[in-house]
Each structure stands twice: as C-alpha cells, then as structure tokens.
Amino acid sequence: MCYDPDAAPPAVTPALWPLAEAAALTLTSADGTEFAAFLARPEVATGVGVLVLPDNKGLSGFYRQTAARLAEQGHPALVVDYYGRTAGADPESRPEEFGDLPGLLRHLLALTPEGLDADLAAGLTRLRANGPAEVVALGFCFGGRQAFRAAAPRFGLAGAVGFYGYPDAINGSPGPTQLAAGLSAPILAFWGGADEHIPPAAVDAFDAALAAAGNPHEFVTYPGAPHNFFELSAVEYSDAAQDSWRRLLGFLADRSASATPRRTL
C-alpha cells in the first residue's frame, strides 16, 4: 500500500483556474461492471486530460485531491477505482479488510489485465466525452505500473507518467519491462533512490527494454527518497516532490501545446 487514508498530495503550485466540477461518478465497463470514479474539471481546460490511476487500495482522498490539483492547472482529470467487480462501486462502503494488505489481497489477486483495461477504457471515454481528446495516464505505485502498461497503442494516450510503479514481472505475470516492445506512448517515470520495493536493477532493466523498443522515455531518480515521497507529510523529501511535480506539469504542457483552451462549464 502506498498512501495512508489521511495522506494528501504536496502543495506545490498555486491554482491557475477555479474548479468547474469535482464530483464522484459511477462508470460502467464494457462487461457491465459498475465502478467508482472521480472527475475534476477546471473552469477553462487549457491542456491535455489526465487519467489518474491509484495505488493498490483504489480510489481515495489522496487521488481526489490530486485530480483537483491537476484541474486547477487546466487539466481535466478523472480517477478510476479498480474494485467494482469484487467490492462494489462505492469506495466509502468497502469492507474493513481493505484496511490491511492481507485483507486487500483477495481483491487485488482477483484483478485481471482484461478487467483493468476495460475499466481504463471506460474512464478514458468519459474523460474525453467533454474534454480534450489527448489524455495522459498518471499512476502511483500499482497505478504507476498500470500507467506504463497503458502506453500501449490500444489506449491512444499522448503519454504515460508513473511514480514508483514496479516494472518487472510479478508471480509470472509480465510487467512493463516484459511488455516494453509494445509500449509506444512517451513515458516519464519517477523513482525513489531508497525505495525498498523497487531495486535499481529493475529500473535499469525497464530503461534498457524501453530503449531497445525505441520508446521515448525519461527516468528521474531522487537519491535517498523512499517509495512514496510525493506526499504532503514527507517534508524531508519536499524537494523531490516539488521537482517531480514541475517535471510532470512540463510533460503535460509539452503534450498540450496544440490544445485550444475551452470552457468546460
């Protein structure tokens, strides 16, 4: 698990636009599954949309706040939850087992690439319905891994950004490193140099696989930073948080250069 229930994203940039909307949604996947989502829209959209992919606990306050921060910078942002099939479409009524990793594992192990892809596709459809056609995926931890996977052509993304997403195979299931040959969207990845969960060798192998595939990518490692350095209370790593946010906004701006500002009210 990446963030505690009371975690919040760091406050690093003044808002550029007021929010036109910040609301919970229920979306329907291609197989009929209803799942939770959260949409934040700026009064004026000046850049690409952002599909926010949470850590392995799914939709939480941290990601609702992250979506709002992105919207305040002109980027419509939609967060998807992963557990509609096993835990229902209301994250606020989750069973107590979601509070610890052993209990969460039953739901986590029930996830499938096909189900995840279908939910991401439904989120993208909703985000693009009244926003920019160009979308970047942004994920954290488990969501970072999914953001890297979403760089495949079938999602039509303008880019993918991952914070500490484990890139290697897990229990025989291929990860982004093994899938690198099929990842075409540009990738920006952030890593903690003191991350106990992701060894440098795994990062290096992913880097090499993307290079071999010709994928345009940038990896940024922050020496001494832990797995979840992008968090308000991690004040000792605020430099890493601020730098990664600045680089994220730059990545989004590069893909927003041709966007026409549009009012979303």
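Select D243 and R247: both sit in helix α8 (residues 238-254), four residues apart, about one turn of the helix. Helices here are DSSP runs of H or I with at least four residues, strands are E runs of at least two, and both are numbered from the N terminus. This is a predicted model, where local features need pLDDT of at least 70 and side-chain atom pairs pLDDT 80 or more, while totals for chains, interfaces and linings use all residues. Numbering runs from 1 along each chain as its sequence is written, and side-chain values use heavy atoms, with hydrogens and water left out.

D243 and R247 form a salt bridge, with the closest N and O atoms 2.7 Å apart; the term takes a side-chain nitrogen of Lys or Arg within 4 Å of a carboxyl oxygen of Asp or Glu. D243 is buried at 18% relative accessible area, whereas R247 is partly exposed at 29%.

Next, pick R149 and D117. Their salt bridge has its closest N and O atoms 2.9 Å apart. R149 is in helix α5 and D117 in helix α4, so the pair ties together parts 32 residues apart in sequence. Are these two buried or exposed? Both R149 and D117 are buried.

Now try E92 and R64, whose side chains meet in a salt bridge at 3.6 Å, N to O. E92 lies in the loop between α2 (84-87) and α3, and R64 in helix α1 (residues 61-72), 28 residues away. E92 is exposed at 61%, but R64 is partly exposed at 27%. In total, the structure holds nine salt bridges.

Last stop: the largest pocket. Select L108, F142, R145, Q146 and I170, which lie nearest its centre among 28 lining residues. (A pocket is an open set of points on a 1 Å grid over the protein atoms alone, where a 1.4 Å probe fits, with protein on both sides within 12 Å along at least five of seven lines; lining residues have an atom within 4 Å of a point.) Which element gives the largest share of the lining? That's α5, with four residues.

Methods
Buried means under 20% relative accessible area, exposed over 50%, partly exposed in between (1.4 Å probe, protein chains only).
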